[in-house]
Number of protein chains: 2
Amino acid sequence: MTDHIALVVKMVLDSWRVRIKQTDGLLNQLSDEQLLCEVAPGKNRGIYLIGHLITAHDQMFRIIGLGEHMFPEYINIFDKNPDKAFSVIPFVSEIRKSWKKVNLELGKHFELMPTEEWLQPHALVSPYDFEKQPHRNKLSIVLFHSHHLSNHLGQLILLKNPYK
Amino acid sequence: MTDHIALVVKMVLDSWRVRIKQTDGLLNQLSDEQLLCEVAPGKNRGIYLIGHLITAHDQMFRIIGLGEHMFPEYINIFDKNPDKAFSVIPFVSEIRKSWKKVNLELGKHFELMPTEEWLQPHALVSPYDFEKQPHRNKLSIVLFHSHHLSNHLGQLILLKNPYK
């Protein structure tokens with residue numbers, strides 16, 4: 001039965017890894033110019049969405065208990081404010097590098113984490129609440145963020161031309 | 001430990017249910033006219049994406065071993081061919097109803113399925129392959145399709161005006 005838990009935990013982690021890989025592949029196909037375009041008229045630009053995803057993933061370090069933020073300076077630009085709130089934002093080349101860095105670092109931690117640790121509470125739940133809501137564990141954070149990534153990946157794909 | 005498996009299986013099923021609920025909520029906000037629009041210039045229309053999702057979810061009956069397709073007539077329009085390949089497609093009102101029906105029916109089956117059954121092979125894997133690849137189980141189909149839904153949900157949200 002322990003094997004089954006390890007299996008299902010791995011399935012969730014692999015579904016995260018697959019989406020990261022898909023996004024990496026898409027970013028390799030999109031030029032800097034394409035990433036500076038809006039995904040649809042009046043909507044977020046590609047660069048904003050990647051910055052937003054970096055910030056979201058960066059927050060996982062604390063929530064899962066792996067360490068501190070790597071890019072705290074992104075929070076104001078890509079999380080607390082909407083796209084186009086700032087006239088000066090990091091270059092696309094920097095965003096591409098930060099995207100790689102944050103996911104590489106998370107991936108290293110994920111690789112080392114034992115199965116049972118994934119079922120421990122995350123940092124945003126109290127011991128009292130966790131007793132009644134054991135689904136608020138560290139694995140739920142990865143499950144949530146892989147869906148969040150899929151959501152924005154669906155938008156970033158629209159930047160491909162022609163879109164298939 | 002059995003409790004832990006049931007917990008993680010439930011987490012995956014709940015992540016599916018959450019996305020279905022989010023899509024239901026979005027569809028309630030979007031008018032038929034909005035669903036007939038493209039999510040971005042030259043891209044798929046909302047109605048096509050919903051039809052495509054119905055077809056994808058409908059295929060889960062056979063793959064998970066729950067029964068037969070409910071809407072086989074949609075496959076040609078929404079799966080085997082791109083958007084705008086046909087000048088006559090089902091009305092938005094029909095698509096809305098079929099979306100509800102397919103997910104309601106799947107949901108009923110999901111509710112009744114025992115935890116251990118989720119870890120059994122799906123219909124597309126041979127017993128030989130499954131022995132080496134136990135992740136190719138019925139739960140993986142739900143995990144895949146909840147990400148697939150998130151992906152297209154990210155696109156459907158673009159039909160909202162104004163987009164937040």
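Tutor: Let us begin with contacts in this predicted model: among the contacts in chain A with a separation of 6 or more, 70% join residues 24 or more positions apart.

Student: How do you know whether the radius of gyration of chain A agrees with that of a compact globule?

Tutor: For 164 residues the globule rule gives a value near 15 Å, and chain A has 17 Å, which agrees. Along its principal axes, the C-alpha trace spans about 50 × 30 × 25 Å.

Student: What share of the residues in chain A is buried?

Tutor: A residue is called buried when its relative accessible area is under 20%, and 51% of the 164 residues in chain A are buried.

Student: Why is helix H3 of chain A called largely enclosed by the rest of the structure?

Tutor: Because 17 of the 19 residues of H3(A) are buried, the helix is described as largely enclosed by the rest of the structure.

Student: How do you know whether the span of helix H3 agrees with its number of residues?

Tutor: At 1.5 Å a residue, the 19 residues of H3 (residues 46-64) of chain A should span 27 Å, and the end C-alpha atoms are 27 Å apart, so the two values agree. After H3(A) comes A:Gly65, with a positive phi near 85°.

Terms used
Residues are numbered from 1 along each chain as its sequence is written. Chains are lettered from A and ligands numbered from 1 in the order in which they are written. This is a predicted model: local features need pLDDT of at least 70, side-chain atom pairs count only at pLDDT 80 or more; totals for chains, interfaces and linings use all residues. Side-chain values use heavy atoms; hydrogens and water are left out. The radius of gyration is taken over C-alpha atoms; the globule rule is 2.2 Å times the number of residues to the power 0.38. Buried means under 20% relative accessible area, exposed over 50%, partly exposed in between (1.4 Å probe, protein chains only). Contact means heavy atoms within 4.5 Å. Helices (H or I, at least four residues) and strands (E, at least two) are DSSP runs, numbered from the N terminus. The expected span of a helix is 1.5 Å times one less than its number of residues.
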